[in-house]
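This report describes selected secondary-structure packing in a predicted model. It turns to a pair of helices and then to a sheet.

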Amino acid sequence: MDSHSNSKSKSNLAPDVDVVVAGGGPVGLMLACELRLGGARVAVVERRTDVDRTIKAGAINTPTAEAFYRRGLLPALSEVQQRTLDQFRAFMRGRPGGAPGGQPPRTPPKFAGHFGGIMLSGALLDEADPDFAHAGPAGDVALVPQQEVERLLEERAAELGVDLHRGVELTGFDAEDAEGDGVVVRTAPVGGGPDRTIRAGWLVGCDGGRSTVRKLAGFAFPGSDPRITGHQAVVTMTGAETLKTGWNHTGTGTYVHGPVPGRILTVEFDGPPADREAPVTAEEVQASLRRVTGLADLTVTEVHTATRFTDNARQAADYRAGRVLLAGDAAHVHSPFGGQGLNLGIGDAVNLGWKLAAVVRGRAPEGLLDSYTAERHPIGAWVLEWTRAQVALMRPDPHSRALLDVVTDLIGTVPGTTHFVKKISGVGQRYDLPGRHRLVGRSAPDLELADGRRLADLMHDGRALLLDLADDADLRAVAEGYGDRVRVVIATCPAGPAPAGLLVRPDGCTAWAADAADGRADAAQGLAASLAQWFGAPAPVGG
């Protein structure tokens with residue numbers, strides 16, 4: 001493999017594309033879509049020849065659903081969720097005794113999730129908590145498997161004109177210094193063939209936990225070593241009639257059965273696997289399942305899809321090194337408990353996409369990219385701690401099992417369930433942005449407007465949004481010169497309390513907001529500062 005070099009020489013050759021994205025999974029595809037919406041030319045290189053069918057995350061959180069909603073993709077997610085629910089119904093009908101209570105649910109649960117294998121009950125959720133109020137219809141979508149997310153994003157990328165190269169892997173790159181004009185990326189077909197060089201302004205590694213980009217660029221990747229071995233698979237097996245559904249803790253580990261036919265997961269606490277690279281066999285899955293369940297007559301006859309995992313938890317110290325950036329698992333790895341990895345990566349992509357596009361198009365200085373690590377790194381660090389805590393809770397030793405009982409009692413209360421759901425669903429996420437208003441730094445509320453539209457309907461084109469809910473000409477005057485970057489909409493919101501105005505970044509984060517009681521001069525001054533911070537200098541009016 002070619003090595004990365006930090007060349008001091010500059011080239012006058014124009015780049016082939018603005019950005020090369022290494023990795024065409026959900027994170028890389030989401031990033032590519034956001035870059036295209038921002039006007040950047042994008043090439044994605046992905047070593048797989050098709051959507052990855054390996055079993056992975058089975059649900060998305062609220063910020064991920066909101067990101068799709070704001071791009072007009074929520075109906076597609078809802079269709080996938082309905083199919084997933086139908087599969088669950090079929091599985092439960094096939095179980096001895098049928099579904100609990102006699103009938104499987106006809107509608108999706110308000111929230112599907114767990115903490116360390118302790119299931120969260122929607123019946124104990126305080127839906128009146130204000131943190132649940134902002135998401136709108138996106139708050140009702142969760143049961144979307146990762147494979148379906150990738151499939152939808154590949155279709156979207158094709159619609160937007162993303163240049164996707166499947167069956168191609170990055171083999172090396174030369175990144176010029178901070179004053180240079182880009183990155184020279186070297187690629188090769190996975191099955192053999194001539195190498196290709198792509199000149200780009202920027203390179204983003206979305207190439208997974210064992211990222212080639214991260215390693216070649218020399219990103220520091222501190223963290224904690226793995227202590228568990230997990231298997232997740234969809235199999236055909238016999239002797240499973242006595243397997244309990246859901247999460248189950250035993251004296252030798254933890255196992256999960258369902259919620260779709262043949263899906264199993266095991267966790268053993270005797271160290272990491274000897275060989276992460278070896279194919280997962282039916283014999284290996286069967287042996288793990290027998291050890292954890294204690295059922296010697298379980299026989300796995302076929303593995304349809306399977307993966308190993310550990311609790312290796314690491315995070316890049318910075319997500320940017322010059323013209324090379326990281327997103328998704330390339331920037332952070334952890335155990336899959338709670339399905340946080342996909343959601344964390346989608347959040348990275350949505351945060352970075354519009355910023356990098358603005359820099360590429362000359363609408364913002366490179367300093368804007370500093371906010372990417374500043375905003376996303378704390379959330380990644382929280383996810384690592386959240387997954388470490390779950391591993392500690394699931395260990396089969398007496399001390400951990402005692403703690404499991406304590407946490408189970410806590411989750412069995414309305415305040416406890418509400419706290420954990422807020423954390424897992426992401427509704428409480430907030431970036432540390434300047435401004436005193438309660439909405440600043442949070443996901444913008446999906447306000448229902450008098451004309452029937454909702455806030456998310458106004459963001460399909462990927463621009464920022466200035467929503468004027470007080471018909472304030474002074475605020476609109478401040479936004480003159482930003483028309484190519486900020487959409488200005490005058491509206492009313494009769495359904496309930498709403499701010500007088502709010503500025504929403506392309507990623508859905510509230511950058512500025514003001515109430516009717518705020519002084520008009522102060523509001524205009526705050527808006528001007530926020531526009532300049534996130535969208536650069538205004539274009540000359542009438543120019």
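## Helix pair α9 and α10

Helix α9 (residues 398–411) and helix α10 (residues 414–425) have axes that come within 6 Å and cross at roughly 100 degrees. Axes are lines fitted to C-alpha atoms, for helices over the stretch in contact, with angles from 0 to 180 degrees between N-to-C directions. The two helices are therefore roughly perpendicular (65 to 115 degrees).

Val407, Leu410 and Ile411 of α9 meet Gly416, Thr417 and Phe420 of α10, contact being heavy atoms within 4.5 Å. These residues comprise 4 nonpolar, 2 polar and no charged.

## Five-stranded sheet

An open sheet of 5 strands is ordered β11-β12-β13-β10-β14, with antiparallel pairing; two strands pair if DSSP finds at least two bridges between them. Because β11 (246–250) and β14 (299–309) stand at the edges with a single partner strand each, one side of each lacks a neighbour in the sheet. From one strand to the next, the twist averages 20 degrees.

Strand β10 (residues 229–238) is joined to antiparallel β14 by 9 bridges. Threonine 236 has glutamate 302 of β14 as its bridge partner. Helix α6 (residues 282–293) packs on the sheet, touching β10, β11, β12 (253–257), β13 (263–268) and β14. The direction of α6 makes about 65 degrees with that of β13.

## Basis of the description

Helices (H or I, at least four residues) and strands (E, at least two) are DSSP runs, numbered from the N terminus. Residues are numbered from 1 along each chain as its sequence is written, and side-chain values use heavy atoms, leaving out hydrogens and water. In this predicted model, local features need pLDDT of at least 70 and side-chain atom pairs count only at pLDDT 80 or more, whereas totals for chains, interfaces and linings use all residues.

Definitions and conventions
Angles under 35 degrees count as roughly parallel, over 145 as roughly antiparallel, 65 to 115 as roughly perpendicular and the rest as oblique. Ala, Val, Leu, Ile, Met, Phe, Trp, Tyr, Cys and Pro count as nonpolar, Asp, Glu, Lys and Arg as charged, and the others, Gly among them, as polar.
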